[in-house]
Amino acid sequence: MIDNTTFGNGTALFHTFGCKLNFAETSTVARLFADNGIRRVQAGESPDFVVINTCSVTEIADKKCRQAIHRFNRTYPEAAIVVTGCYAQLKSEEIASIPGVAIVAGTDRKLALVEYLAQWREKREKATFITPTRDIATFDPSCSRGDRTRYFLKVQDGCDYWCSYCTIPMARGRSRSGSIDMLVGQAAAVAAEGGKEIVLTGVNIGDFGKGRTDTFHDLIKALDEVDGIERYRISSIEPNLLTPEIIEWVAGSKRFMPHFHVPLQAGSDEVLRLMRRHYDTSLFSDRVNRIRSAMPHAFIGVDLIAGARGETEELFEASRSFVESLDISRLHVFPYSERPNTRALGIEHVVSQQEKHRRTNVMIGLSEQKLAAFTSRFTGTTRPVLLEHPHGKKPMSGFTDNYIKVEVDADRSLAGTIVNVRLGEADPSGEFVKGEVEI
């Protein structure tokens with residue numbers, strides 16, 4: 001720990017882009033700052049430091065990060081800007097040239113930011129700290145509080161899959177994970193703080209334990225025994241790593257919710273081959289059917305990329321037809337984005353921006369139909385909902401065990417508790433259903 005006198009009463013503003021893993025890591029950095037005398041900036045204050053945790057999953061993500069750096073520099077010209085995360089790892093020189101940036105730190109350097117700031121305050125010299133991707137091998141623990149009821153627990157980092165369109169292995173390094181004892185300890189600490197729900201996060205969480213004898217299945221069985229945690233959710237898990245054994249175990253577990261997020265990316269075996277994915281449509285369909293058989297009420301979210309290189313009109317139609325046949329709950333659709341230094345750039349047949357936009361909208365429309373059909377199954381039924389704290393006079397909201405967002409009349413005495421709610425009709429937006437708490 002740095003002597004608090006190094007920073008006095010310093011303040012910091014934190015801004016995060018990208019995945020839940022990034023948000024978990026930002027929360028950990030903020031706690032480290034607080035432990036060293038740098039508190040979060042309050043409304044009306046100008047921060048001494050601006051920490052931007054970046055994403056680089058698409059070109060749009062890069063652009064948003066650059067825009068944010070420029071915007072914060074204009075808004076707080078006296079603040080030292082610290083840029084970390086995936087964009088910083090991949091484009092450190094580009095970021096270092098932006099006015100106002102004091103420190104650029106790679107994905108594995110986030111827990112050292114306090115030390116770097118102490119050096120900067122002493123020397124006032126811009127510095128860059130990047131570990132070559134091939135040398136990133138340490139696992140830095142992280143657990144964030146998303147609100148007063150939900151926490152995000154990092155269980156794994158990095159990826160060894162090298163899909164043809166993806167830069168994440170270049171930014172995050174090799175697959176690695178924490179120990180089961182460490183993660184069980186963190187879950188127990190969440191329970192001691194009054195946390196009710198934990199979302200397991202990582203880059204490729206199903207790869208947990210790679211290089212060791214323990215597995216993701218071992219981890220979730222151990223976490224299921226932690227007293228005080230009432231709900232766990234598994235964030236995105238690769239279909240080939242979502243084994244039949246895991247599905248059957250979740251169906252009978254005490255605390256793991258009937259909620260899965262499984263990336264498909266393309267519903268065409270030819271496009272999956274070009275993407276260098278580790279499964280085909282047959283395996284994916286099998287996993288969806290196994291989930292639905294074991295847990296008919298389960299929420300199944302699916303990631304999809306529209307307009308990837310090599311996706312001809314015929315292959316897109318095959319993908320659309322395949323997705324339409326799946327009994328899933330919702331799609332998360334992303335237009336394909338060209339990323340430098342990826343194998344996908346060597347694939348022939350480039351889809352125009354206009355056509356990518358059209359295909360994205362087609363799949364979003366299909367997603368809306370899937371979500372409406374899924375939520376309508378539960379109209380008039382009663383399900384357990386973990387209610388979150390209300391904001392002002394707005395209704396309270398929360399999620400059912402199977403991840404249907406529900407709004408009920410505000411009653412602050414129920415915040416942070418699981419109550420039975422009778423589900424009504426969906427809001428016209430389709431994003432939530434109205435419910436009535438059953439006493």
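Biologist: What does histidine 349 count as: buried, partly exposed or exposed?

Modeller: One caution before the answer: this is a predicted model, where local features need pLDDT of at least 70, side-chain atom pairs count only at pLDDT 80 or more, and totals for chains, interfaces and linings use all residues. Residues are numbered from 1 along each chain as its sequence is written, and side-chain values use heavy atoms, with hydrogens and water left out.

Now to your residue. Histidine 349 counts as partly exposed, because its relative accessibility is 39%. The cut-offs are under 20% relative accessible area for buried and over 50% for exposed, with partly exposed in between (1.4 Å probe, protein chains only). As for location, histidine 349 lies in the loop between strand 15 (330-335) and helix 13 (353-376). Those labels are DSSP runs numbered from the N terminus: helices are H or I with at least four residues, strands are E with at least two. The backbone is worth a look too: histidine 349 has a phi near 70°, which is positive even though the residue isn't glycine.

Arginine 124 isn't a glycine either, yet has a positive phi of about 55°. You'll find arginine 124 in the loop between helix 5 (113-123) and strand 6 (127-129). With 55% relative accessibility, though, arginine 124 counts as exposed, while histidine 349 counts as partly exposed.
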